[in-house]
Amino acid sequence: MGRIFGFGEAHLAALRDVSKPLPASLFTERQQAIGELIKDIGQGSAASAMTMALLKSLFSDEEVMELFYTHGVYAFLARMMNSCRIDYDPEIPGLEDMLRKYNAKAIEKELGTAAAANGTQ
């Protein structure tokens with residue numbers, strides 16, 4: 001999904017390095033806030049009050065709930081697949097194009113938000 005939103009190798013490397021915050025040079029404020037949420041709930045049982053305040057300043061209540069829901073679903077699937085030793089599926093031809101089409105509105109919104117934050121809109 002990161003590639004669908006325009007993430008390159010530097011973005012993916014930063015996401016893999018959980019020991020450091022996401023760099024502002026690569027990630028928007030919204031993306032950094034999502035990173036903080038994932039770090040909080042991945043390391044403990046709840047998001048910190050500071051993370052929640054940040055999320056609420058950047059996202060609607062519906063969007064915050066969607067972040068929790070999406071993380072929960074994917075965390076469950078990852079744990080279940082790892083526990084059951086399920087092998088990864090081969091690449092699905094055309095999947096990136098399908099995901100871009102399905103997520104076009106979200107991609108446009110996020111890229112517009114990033115462009116506005118960088119003053120390039």
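**Salt bridges, rings and a surface patch**

Me: How far apart are the closest N and O atoms in the salt bridge between Arg100 and Asp97?

Reply: Arg100 and Asp97 form a salt bridge, meaning a side-chain nitrogen of Lys or Arg within 4 Å of a carboxyl oxygen of Asp or Glu. Heads-up, this is a predicted model: local features need pLDDT of at least 70, side-chain atom pairs count only at pLDDT 80 or more, and totals for chains, interfaces and linings use all residues. Residues are numbered from 1 along each chain as its sequence is written, and side-chain values use heavy atoms, with hydrogens and water left out. For this pair, the closest N and O atoms sit at 4.0 Å.

Me: How many salt bridges turn up in a search of the whole structure?

Reply: One of them links Asp17 and Lys20, whose closest N and O atoms are 3.6 Å apart. Asp17 is partly exposed at 27%, while Lys20 is exposed at 55%. Searching the whole structure, the count is six.

Me: What is the angle between the planes of Phe7 and Phe27?

Reply: A search of the whole structure finds one aromatic pair, the term for rings of Phe, Tyr and Trp (its six-membered ring) whose centres lie within 6.5 Å; planes under 30 degrees apart are stacked, over 60 edge-to-face and the rest tilted. Phe7 and Phe27 make that pair, edge-to-face and 5.5 Å centre to centre. Their plane angle is 90°.

Me: How many residues apart in sequence are the parts that the Phe7 and Phe27 pair ties together?

Reply: Phe7 is buried at 15%, and Phe27 is buried at 3%. Phe7 is in the segment before helix 1 (9-16) and Phe27 in the loop between helix 1 and helix 2 (29-43), so the parts tied together are separated in sequence by 20 residues.

Me: Which residue's backbone oxygen does the side chain of Arg30 reach?

Reply: Arg30 has its place in helix 2. Since its relative accessible area is 10%, Arg30 is buried. At 3.1 Å, its side chain reaches the backbone oxygen of Leu58.

Me: What is the area of the nonpolar surface patch made by Tyr74, Phe76 and Leu77?

Reply: Tyr74 lies in helix 4 (residues 61-83) and is exposed at 56%. A nonpolar patch joins Val, Leu, Ile, Met, Phe, Trp or Tyr side chains within 5 Å, each with over 30% relative accessible area and no salt bridge. Together with Phe76 and Leu77, Tyr74 makes a patch of about 340 Å².

Me: Where is confidence lowest in the protein chain?

Reply: The chain averages a pLDDT (the predictor's confidence in each residue, from 0 to 100) of 89, and 93% of the residues score at least 70. Confidence is highest in helix 3 (residues 49-58), at a mean of 98. The lowest mean is 74, in helix 6 (residues 104-118).

Methods:
Helix = DSSP H or I, 4+ residues; strand = E, 2+ residues; numbered from the N terminus. Patch = residues over 30% accessible without salt bridge, like charges linked within 9 Å, V, L, I, M, F, W, Y side chains within 5 Å. Areas by Shrake-Rupley, 256 points an atom, 1.4 Å probe, with all protein chains shown as cover. Buried < 20%, exposed > 50% of the residue type's maximum accessible area, 1.4 Å probe, protein only. Polar contact = N/O pair within 3.5 Å; in protein donor to acceptor, adjacent residues only side chain to side chain.
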